[in-house]
Amino acid sequence: MLLQYRGGPGMLAWAFHRISGVAIWAFVLLHVLDIWLVGANPTLYDDVLRVYASPIGRVGETLLGAALLYHALNGLRIIVIDFWPAMTRYHRQLWTASWVVFVILGVPVAIQIMAPAFGLNAPFHFGG
């Protein structure tokens, strides 16, 4: 059957890399628009910032952070394979390692971003 899925971790890594790249690109466009609002319509800009601070905005920021982290880690995996072709035979292990690092780094960041949405203090405090 032509529509049967035959991929594996390599295919999933490729698909997630493309999806996260498109999501990051969409965020950059949104960011350019919201920065433009600072001068064009400061009141609307303040409204946009309230949306970003809302629970749904926090979820969006968490998803953006996840997309950025996955894209970066998978990009490093691709670089390792490109510079050391012998590592191709370990692409599954490299992908698994990138997911382990993703969870180790991503969970604390997600908690930091999402805590205020649940009325909790962010666990990590930076600066003053």
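Alanine 13 touches Tyr70, Asn74, Arg77 and Trp95 when residues up to four places away in sequence are not counted, where contact means heavy atoms within 4.5 Å. The model is a predicted one, in which local features need pLDDT of at least 70 and side-chain atom pairs count only at pLDDT 80 or more, while totals for chains, interfaces and linings use all residues. Residues are numbered from 1 along each chain as its sequence is written, and side-chain values use heavy atoms, with hydrogens and water left out.

Ala13 also belongs to the largest nonpolar core, whose 6 residues are Ala13, Leu69, Tyr70, Leu73, Trp95 and Phe102. Such a core is a set of buried Ala, Val, Leu, Ile, Met, Phe, Trp, Tyr and Cys residues joined through side-chain atoms within 4.5 Å, and buried means under 20% relative accessible area, exposed over 50%, and partly exposed in between, with a 1.4 Å probe and protein chains only. Two or more residues of this core come from each of H3 and H4, and H3 gives the most, with 3 residues. Helices are DSSP runs (H or I, at least four residues), as strands are (E, at least two), and they are numbered from the N terminus.

Helix H3 has 29 residues and reaches 42 Å from its first C-alpha to its last, close to the 42 Å expected at 1.5 Å a residue; the expected span is 1.5 Å times one less than the number of residues. Its buried residues include Gly57, Arg58, Leu64, Asn74 and Ile81, and what covers the buried residues of H3 includes H1, H2 and H4. Threonine 62, which lies in helix H3, is buried because its relative accessible area is 17%. Leaving aside neighbours within four places in sequence, Thr62 is in contact with Ala110, Ile113 and Met114.

Two pockets can be set side by side. A pocket is found on a 1 Å grid over the protein atoms alone, as an open set of points where a 1.4 Å probe fits, with protein on both sides within 12 Å along at least five of seven lines, and lining residues have an atom within 4 Å of a point. Grid points are joined across faces, edges and corners, and a volume is the space filled by probe spheres set on the points.

| Pocket | Volume | Lining by class |
|---|---|---|
| Largest pocket | About 210 Å³ | 5 nonpolar, 3 polar, 1 charged |
| Second largest pocket | About 160 Å³ | 9 nonpolar, 1 polar, no charged |

In these classes Ala, Val, Leu, Ile, Met, Phe, Trp, Tyr, Cys and Pro count as nonpolar, Asp, Glu, Lys and Arg as charged, and the others, Gly among them, as polar.

The lining of the largest pocket consists of Phe27, Leu30, His31, Val51, Tyr52, Gly57, Gly60, Glu61 and Leu64. At least two of its lining residues come from each of helix H1 (9-40), helix H2 (42-53) and helix H3 (55-83), with H3 giving the most, 4 residues. The second largest pocket has Phe16, Ser20, Leu63, Trp99 and Phe102 among its lining residues, and H1, H3 and helix H4 (91-114) each supply at least two residues there.

Alanine 26 is placed in helix H1 and counts as partly exposed because its relative accessibility is 39%. Ala26 and Leu64 are 38 residues apart in sequence and 10.0 Å apart in space, C-alpha to C-alpha. Glutamine 112, found in helix H4, is buried, with a relative accessible area of 18%. Apart from neighbours within four places in sequence, Gln112 is in contact with Ala122, Pro123, Phe124 and Phe126.
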